[in-house]
Amino acid sequence: MFRLVRRVLCTKSKYSKFLNETPGWLIGRNLHSSQSRTAKIFKDHENIYAHQVLEQSANPYQLFALHKQEHIAYTDLDESMLTLKSDEKVTKDELKILFENFKAVAFYCKGTNCTISDQRFKAFINRYCVAIPLLSHEQLLESLRLLLILPKEETVRSDNFIELWNALDVECCRRIENWDTDELLLVCDAWYKLDLARIGEFVKEALRKMGRKVRKMTASQLVQTMFLCNVMRCSLYEMMDFEVNLARYVHTMSLDELGVMSMGFFKTQTPLRNPELLDNLYKRLINELDTAKDITLVAILKVLRYSSKLPQVDRMKELLDKMSQGKLETMSLLSCLHVALFGCELQFCNSKIIECVLMRFERELEQTRLKDLERICLVMGLFNIKTPTGIEKTLCTRVLDMLNNRIDEILKYPTCFLNCLHYLTLCGFYNQEMLAAALDEKFLKHACGSNLVMNRNVFHLDTFVKVNLKDENYLGPQLADKHRKIMGKMLTYYIPERNSKYKVSATDNILLEIKEIISALLPHNTLKHILPNYERPDIVICYDRQQRTSIPLSNTCPEDYTGVILTPKHVLSELDDAGNYKTVAVVIAGWNTVIRNTDNYTGLFSMKLQQLKLLGYKLVVINWYEWRELETYKDRVDFIRRRLSRIINL
């Protein structure tokens, strides 16, 4: 039984209001304790790995560290040096004493595991902060090194510590214009090691200056700058400069260094546009696949997936074919997931690899995060996968069962749960009680907030229960009509028109060409969104079997973009549709609804066809590539006539 947990989560203020009026059929008892496995753990690990690549490289990276000769061990401290007057200017002699005393305090704290936030140091730290602008370049760098040896504080805002690092951050920012690229990278590395890069201002300002010099950077400077962009999750003014410079060094960098570059491109949402650079990345990965480390492999796969277009399909196939030769067995589960996701954007599916990855997930399902369950369900739903072993059926069944025990995770990542259910329905698997929980108004508010009307997957789920479960006595919640109406306006694409101010896509152009030919054969036909949760409209024909001609749609048929699902009764209205009339839907299968290099449809398009049949429409499906093969207008007319003749008597 799937239920939300009231008795445990009511103690959490974040959810108490949400659960205050939860209906009884949503209350339950199950818990799951794996919520600590959050994405942040992997992100930190990714940065740590990337920094290790810089440390282990033979190239001259600007890495910040303590001087090896520092072996000072203070077990006692002269308390008199902590008693200072803070209302006088710092003299040159006092500056030297202050700096030496700060070093003594730092090593004392290290030796005794005492934090700098101890109130004994308050007057001294205040005085030292006043002196920081007077420090020499080496003294400033040494002060940052001393921060590194201090015992870790509970928070970066601990007393004394915040004053100290903030004063150093301000002073570093003041000196940015006087430092060259190597010095900037060195100090940036110090702030990264202090875990203060994203909190302070220096790294942001330094990246702003270095962003003007990207094209002139050496290979090591380029990699380290991109590493900082990855840490900061921010792009520079002109990320294209990284791509231009990377094209020069792609053959000389190690695969791990290319992985660091790829992390930065992906995290800053910067696709690679240079086909030659993409081709070189594919070649390097294919040639060095056997020795590639998991994180490097995943990083490069991410940016290739994000950047690849149709011209890269052959390279993608070559890479996946090589991966299918045993590489997956030595990879982590998360890496296998990214291999499975690799072809999703271009609808390119390597069935052998997908089957291997599904088997890995089935074996290690208990340790899998909800976020990763969502993504593997996306793969199964998108590719509408059917394996010889039937592993996808076993996995879908187990995922549905496992969601019963992931209540804490579901409440923490509710959108993942909604997406999971949607992708599972595309595979033909569902649980009515889970669907009822997902479509409950309170849960949707918790999951989507004010963005509910922009969530297409919720739109799909609601249509699923309205169409696919109409004969199964589904009694759970459904979307309110007002929400569907807004979704119809916000998410349903405009019906294409000739001579419109909007550019017509290639698939929409085929749709209009077919409509024009059908109009010559059957004068009454209309473009309608029968299922408004799908983007593209279909051609609707109401056919009178006795008169052997088409008839206009009913005047009472709902208007466009209202979110209403159009049944045959909507388009025929008062007419007797029991036997005299047929409702025909001509559906265009565009290039993004067909699995690449196959005749198989994606899971979402297959669901659309299934739902149209359940509504009572007779289908005529025309694939985009069939239409492109027809050379003359007469060929196209004959083609449409043949297809329609299978359904109606022309």
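Helices here are DSSP runs of H or I with at least four residues, numbered from the N terminus. With that in hand, let us walk through this predicted model, starting in the loop between helix 4 (92-112) and helix 5 (122-131), where N113 has its place. The phi of N113 is near 55 degrees, a positive value in a residue that is not glycine. N113 is exposed, with a relative accessible area of 62%.

Is Q347 buried or exposed? Its relative accessibility is 8%, and Q347 counts as buried.

Next, please turn to E153, in the loop between helix 6 (137-149) and helix 7 (161-174). This residue is buried yet has no salt bridge. The nearest side chain of opposite charge belongs to K152, 9.8 Å away, whereas a salt bridge needs a side-chain nitrogen of Lys or Arg within 4 Å of a carboxyl oxygen. What E153 does have is a polar contact of 2.9 Å between its side chain and that of S117. Beyond four places in sequence, E153 touches T115, I116, S117, S158 and F161.

Finally, a word on confidence. The mean pLDDT of the protein is 88, and 89% of its residues reach 70 or more. Over residues 1-43, however, pLDDT stays under 50, and the model has 93 contacts beyond four places in sequence for that stretch. Where pLDDT is low, the predicted coordinates should not be read in detail.

Technical notes
Residues are numbered from 1 along each chain as its sequence is written. This is a predicted model: local features need pLDDT of at least 70, side-chain atom pairs count only at pLDDT 80 or more; totals for chains, interfaces and linings use all residues. Side-chain values use heavy atoms; hydrogens and water are left out. Helices (H or I, at least four residues) and strands (E, at least two) are DSSP runs, numbered from the N terminus. Buried means under 20% relative accessible area, exposed over 50%, partly exposed in between (1.4 Å probe, protein chains only). pLDDT is the predictor's confidence in each residue, from 0 to 100. Contact means heavy atoms within 4.5 Å. Lys and Arg count as positive and Asp and Glu as negative; His and the chain ends are not counted. A polar contact is a pair of N or O atoms within 3.5 Å; within protein, one must be able to donate a hydrogen and the other to accept it, and residues adjacent in sequence count only if both atoms are side-chain atoms.
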